[in-house]
Amino acid sequence: MTSSAQQPDHTRRRLRDAGLRATSARVAVMELLAKIGTPETHQEISDQLQSLSFDKSTIFRALNDLAAGGLARRMELGDHVWRYELASSAEDGEHPDQSHPHLLCVVCGSITCLTDDDIEIKVSKTIGPIEDVLLKGHCVSCVGVE
Ligand SMILES: [Zn+2]
Ligand SMILES: [Zn+2]
């Protein structure tokens, strides 16, 4: 039996629904992003997929294809590095393409995905659409650490 965290059929279906061919690199990248659950850099993703012998440019193309197809979101969280995370699907009970705020921990540098329960953002009509909301603070493991 394979790991329960991996759902290759579900992943392939999402790729096809987005009009993308389910190449092994795209499937591997999507499953890794699903497993991690928080935004990761191209470097971190490549490192973790090295054992599957994909080269970095293949991973990079797969990431950009996923972003273009709306399956992944690409974001820059203040350190000039692009990070990627899986976009939520309607099947997850969330609005597809709905972005959410992120917390960058000033102590350990980790990124935490925030939900409406964590923080509510109200956007005034006097500004244009918001792309990313980044908060800096302390993650749960670093609360109280200086
Ligand atoms: Zn932290
Ligand atoms: Zn997130």
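The model is predicted, so local features are reported only at pLDDT of at least 70 and side-chain atom pairs only at pLDDT 80 or more, while totals for chains, interfaces and linings use all residues. Residues are numbered from 1 along each chain as its sequence is written, chains are lettered from A and ligands numbered from 1 in written order, and side-chain values use heavy atoms, with hydrogens and water left out.

The zinc ion (ligand 2) is held by Glu85 (OE), Glu85 (OE), His100 (NE2), His102 (NE2) and Cys113 (SG), at 2.0 to 2.6 Å. Donors here are N, O and S atoms within 2.8 Å of the metal (3.2 Å for Na, K and Ca); water is not among the atoms, so sites may look incomplete. Glu85 belongs to strand β3 (residues 82-86) and His100 to the loop between β3 and β4, so this pair ties together parts that lie 15 residues apart in sequence. Helices (H or I, at least four residues) and strands (E, at least two) are DSSP runs numbered from the N terminus. Glu85 is buried, at 4% relative accessible area, and His100 is buried as well, at 18%. Buried stands for under 20% relative accessible area, exposed for over 50%, and partly exposed for values in between (1.4 Å probe, protein chains only).

Turning to the sheet, three strands form an open arrangement in the order β5-β4-β6, with mixed pairing. The edges are β5 and β6, each of which pairs on one side only. Two strands are taken to pair if DSSP finds at least two bridges between them. Neighbouring strands of this sheet are turned by 30° against each other on average, direction ignored. Strand β4 (residues 102-105) is covered on both faces, with His102 and Leu104 buried on one side and Leu103 and Cys105 buried on the other. With strand β5 (residues 111-113), β4 pairs in the antiparallel sense over three bridges. Within this pairing, His102 stands opposite Cys113 and Leu103 opposite Thr112. The hairpin of β4 and β5 has five residues between the strands, and there Gly109 adopts a positive phi near 80°. With strand β6 (residues 134-137), β4 pairs in the parallel sense over four bridges, and Leu104 has Lys136 as its bridge partner.

Among the helices, α2 (residues 24-36) packs against α4 (residues 56-68) at an angle of about 75°, with the axes 9 Å apart. Axes are lines fitted to C-alpha atoms, for helices over the stretch in contact, and angles run from 0 to 180 degrees between N-to-C directions. This makes α2 roughly perpendicular to α4, a label used for 65 to 115 degrees (under 35 is roughly parallel, over 145 roughly antiparallel, and the rest oblique). Ala25, Arg26, Val29, Met30 and Leu33 of α2 make the contact with Thr58, Ile59, Ala62, Leu63, Asp65 and Leu66 of α4; contact means heavy atoms within 4.5 Å.

Finally, Thr11 sits in helix α1 (residues 8-17) and is buried at 7% relative accessibility. Leaving aside residues up to four places away in sequence, Thr11 touches Val27, Met30 and Glu31.
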